[in-house]
Amino acid sequence: MFEARLIQGSVLKKMIDAIKDIVTDINLDCSSTGISVQAMDSGHVCLVLIELGSDGFEPYRCDRNITLGLGLKALSVVVRCANNDDSITIKAQEGTDNINFVFESPNGEKTSQFEIKLMDIDSEHLGIPDTEYDSVVKMPSHEFQRICRDMSQLGDSIVVACTKDGIQFSASGDMGSGKINLRQSSLVDKEEDQINIELNDPVHLTFALRYLNYFTKATPLSPTVTLSLKAESPLCVTYPIGDFGSMKFFLAPKIDDEDTAAATQE
Amino acid sequence: MFEARLIQGSVLKKMIDAIKDIVTDINLDCSSTGISVQAMDSGHVCLVLIELGSDGFEPYRCDRNITLGLGLKALSVVVRCANNDDSITIKAQEGTDNINFVFESPNGEKTSQFEIKLMDIDSEHLGIPDTEYDSVVKMPSHEFQRICRDMSQLGDSIVVACTKDGIQFSASGDMGSGKINLRQSSLVDKEEDQINIELNDPVHLTFALRYLNYFTKATPLSPTVTLSLKAESPLCVTYPIGDFGSMKFFLAPKIDDEDTAAATQE
Amino acid sequence: MFEARLIQGSVLKKMIDAIKDIVTDINLDCSSTGISVQAMDSGHVCLVLIELGSDGFEPYRCDRNITLGLGLKALSVVVRCANNDDSITIKAQEGTDNINFVFESPNGEKTSQFEIKLMDIDSEHLGIPDTEYDSVVKMPSHEFQRICRDMSQLGDSIVVACTKDGIQFSASGDMGSGKINLRQSSLVDKEEDQINIELNDPVHLTFALRYLNYFTKATPLSPTVTLSLKAESPLCVTYPIGDFGSMKFFLAPKIDDEDTAAATQE
């Protein structure tokens with residue numbers, strides 16, 4: 001028997017919205033400590049990792065480890081039927097091939113129950129090595145979303161360069177070129193508006209904007225986002241989920257070629 | 001001479017919006033007691049009935065019974081030209097083949113006058129028998145709209161089941177199945193948020209969601225909607241219009257077949 | 001060296017939005033007194049004239065007269081990257097073929113720099129004669145936008161008739177006909193809601209709604225718009241830009257033919 005109740009069901013809605021355009025199926029790996037999801041996009045270019053601790057659910061019951069395979073399309077249809085202030089309970093019985101979602105309104109007058117078929121989904125679990133990043137940048141998530149959207153008007157790639165002074169995003173194409181600079185915040189700002197840079201080493205990396213624009217669909221999940229960067233290593237974009245989980249996206253950098261290098265000369 | 005002035009012109013805009021996707025032409029049957037409209041959708045599946053008492057208009061003048069045939073497309077274009085706080089006056093002279101709409105802004109600075117051609121529209125008046133319904137459910141109109149929209153993601157049909165405990169809406173399809181339960185409200189709620197069930201006999205009926213989704217376009221007309229249900233009889237969905245009228249939609253149930261019966265088993 | 005900084009960058013965004021659907025390229029004619037733009041739509045039917053005085057910029061520096069040719073598509077992409085509360089600085093060095101746009105956030109933490117290529121754009125400067133208009137009507141810009149949009153549902157042309165009592169807009173087509181009358185405001189209204197008519201001579205002119213609907217894309221620039229009308233002369237539609245500039249659109253009237261004359265008979 002697996003049962004997990006999320007008081008703020010809207011969090012689940014936002015999670016599904018964030019990934020439904022990248023992945024088609026997911027495995028929910030449920031254990032006594034919580035739920036985790038690892039999935040790659042269909043082109044095997046980027047990786048999504050969701051971790052939800054059991055303490056984010058009330059109640060949380062997982063009698064033994066269970067993997068629940070779900071199609072994102074059906075899941076997306078179902079969670080959209082929840083109101084934003086509903087609680088959502090996920091239920092699965094061992095030996096059945098269905099999963100149940102129960103939505104309850106705060107006043108208890110509306111209760112909805114949805115059932116979808118479980119699927120057998122092939123998946124190889126990638127070991128994600130602990131990485132010591134060169135630069136870790138925490139910034140407002142809507143600002144990162146805006147920058148990715150704006151830069152993709154200019155070109156397909158974005159160059160992210162981090163120094164002790166700040167972080168620079170740049171792109172170029174037929175129409176022209178653009179550079180956006182964010183300075184480390186002074187201390188007076190609201191915490192979630194702050195730009196905070198932890199720098200071990202400067203980095204200068206190029207990424208495909210197409211995927212970053214997918215990642216930023218997670219923006220409603222959190223007011224802040226963290227970019228973890230390291231030379232010749234995948235970027236990790238982290239959206240915290242409350243204080244009990246996170247959604248992470250990994251994307252390998254493009255090999256810097258002459259074109260993109262030229263575009264970022266000042 | 002026919003002349004009727006609606007202080008809140010926005011009510012007329014909402015009425016036209018509610019029916020313009022179902023019916024193409026309507027006859028306004030005007031008499032000394034008010035205006036009524038009876039129209040069927042082009043597939044002759046559902047019926048719309050609008051009743052507006054003369055006391056909702058100021059002034060209201062109808063020298064003798066007159067039927068005004070109107071194309072919904074032109075009518076929709078014209079009423080969209082009214083501002084929401086304009087009054088709307090409908091005017092028709094006997095012997096002419098035009099109808100006039102006059103919009104006046106509250107401060108009197110803007111006056112608009114539109115004229116459209118009257119049409120000869122064939123229509124058979126259906127006698128709608130007084131029905132003693134098995135179950136009458138009053139609920140928030142936006143809740144009913146939401147349920148119809150959500151359920152149509154799952155399947156083409158919705159099963160409505162009413163018992164003394166509440167009302168259940170269910171649907172199923174390839175992706176999965178869903179059931180939404182609404183309990184009778186306790187007394188503490190705001191009246192327009194309440195769910196109120198008058199039950200003579202439990203009912204269990206199946207309807208085509210396509211039409212219910214048309215009906216719920218009347219949601220802006222009223223905060224509440226009433227579903228009147230009776231075994232083997234058409235559903236009546238009623239939206240009150242102020243305290244002087246109503247818009248009713250009638251839809252015959254689908255014949256319960258094995259498929260839909262199976263889908264609603266608990 | 002040319003450099004001009006607009007504190008309220010959103011004004012530039014609104015200007016570009018207003019004209020990007022009519023013209024494809026513009027020349028910015030910069031001199032010590034300010035910036036002016038003259039452009040015709042691709043069909044050479046209507047003319048746009050933008051005048052921005054140097055006192056609207058801080059700083060403003062124009063060492064010698066310079067003409068900067070810009071493609072609207074690239075310009076539109078670039079200015080959309082500015083936040084509404086950013087300042088925008090336009091910079092061009094003599095001898096280079098690039099123009100730079102610098103956006104700065106109010107707190108100084110975000111700075112963006114965009115570069116687009118200058119273009120050589122053929123343009124003949126039309127002398128616009130000083131005209132003494134027969135009727136000059138100042139009205140809320142959103143009201144004019146609404147009227148043009150509503151009337152274009154009825155027909156392709158709008159008849160504008162101005163008398164001492166007010167201004168009348170009318171249109172007609174297959175579906176019917178409509179007339180909208182605005183009376184001169186009494187003195188009690190807010191100034192920007194007022195309708196003010198200066199009348200030397202009554203006018204009665206017909207215009208293509210297609211172009212008026214283009215012009216009203218400038219509505220966000222100003223709460224008021226001024227229509228300057230004269231028999232057999234182009235209409236001038238003026239949107240003030242702060243207290244330092246304006247955007248004007250000119251459109252020649254249609255020759256009144258029997259059809260449109262008939263449509264406006266009362």
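A salt bridge, in my notebook, is a side-chain nitrogen of Lys or Arg within 4 Å of a carboxyl oxygen of Asp or Glu.

**Ground rules.** I am looking at a predicted model, where local features need pLDDT of at least 70, side-chain atom pairs count only at pLDDT 80 or more, and totals for chains, interfaces and linings use all residues. Residues are numbered from 1 along each chain as its sequence is written, chains are lettered from A and ligands numbered from 1 in the order in which they are written, and side-chain values use heavy atoms, with hydrogens and water left out.

**Entry: the salt bridge.** I searched the interface of chain B and chain A and found one salt bridge. Lys110(A) makes it with Glu143(B), and their closest N and O atoms are 2.6 Å apart.

**Entry: who supplies chain B's side?** I noted that helix 3 (141–151) and strand 13 (176–183) of chain B each give at least two residues to the side touching chain A. Helices (H or I, at least four residues) and strands (E, at least two) are DSSP runs, numbered from the N terminus. Strand 13 of chain B has the largest share, eight residues.

Entry: Next I saw strand 9 (residues 110–117) of chain A pair with strand 13 of chain B, antiparallel, over seven bridges; pairing asks for at least two bridges found by DSSP. Here Phe114(A) stands opposite Gly178(B).

**Entry: extent.** I looked up the contact (heavy atoms within 4.5 Å): 20 residues come from chain B and 19 residues from chain A.
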